[in-house]
Amino acid sequence: MNAKDALCRKPATTAEMTACTSEEWQAADSKLNAYYEKLLKGLDSSNGDNLRVAQQAWESYRKLDCNAERGLYDSGTAGSYNYNSCMETLATQRLADLRRIYSYWGYGK
């Protein structure tokens, strides 16, 4: 949300912050999913299957991790904001990891 290219630069309320982080999470997921699909199209079936299993495990991890973070807010209004922010951050990190790993081998270009 604080990045120069963030969708919402100056939200004023927790509700606005939550809405902004939701938009940023969805944008990050779209980029991640597009790259993931591009990778699957270029990989052979064995490597594609391995990536699918890894991605499913990562998605489970992300939900659990972000739920744990949200739980720290004890159902307060900042919980949803932090959940969304966590989901966006981890999607952005995952995309960077996939690009680093697979571009070395010439995939995802």
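Helices here are DSSP runs of H or I with at least four residues, numbered from the N terminus. The model is predicted, so local features need pLDDT of at least 70 and side-chain atom pairs count only at pLDDT 80 or more, while totals for chains, interfaces and linings use all residues. Residues are numbered from 1 along each chain as its sequence is written, and side-chain values use heavy atoms, leaving out hydrogens and water.

Let's begin with helix 3, residues 78-104. Its 27 residues reach 39 Å from the first C-alpha to the last, close to the expected 39 Å (1.5 Å times one less than the number of residues). After helix 3 comes Gly106, with a positive phi near 90°.

Within helix 3, Arg100 and Asp97 sit three residues apart, about one turn of the helix. They form a salt bridge, with the closest N and O atoms 3.5 Å apart (a side-chain nitrogen of Lys or Arg within 4 Å of a carboxyl oxygen of Asp or Glu). Why does such spacing work? An α-helix has 3.6 residues a turn, so residues three or four places apart point the same way. Arg100 is exposed at 55% relative accessible area, and Asp97 is partly exposed at 32% (buried is under 20%, exposed over 50%, partly exposed in between, with a 1.4 Å probe and protein chains only).

The whole structure holds three salt bridges. Another joins Arg62 and Asp29 at 2.8 Å, N to O. This pair links distant parts of the chain, Arg62 in helix 2 and Asp29 in helix 1, 33 residues apart. Arg62 is buried at 6%, and Asp29 is buried at 13%.

Note on methods. Helix = DSSP H or I, 4+ residues; strand = E, 2+ residues; numbered from the N terminus.
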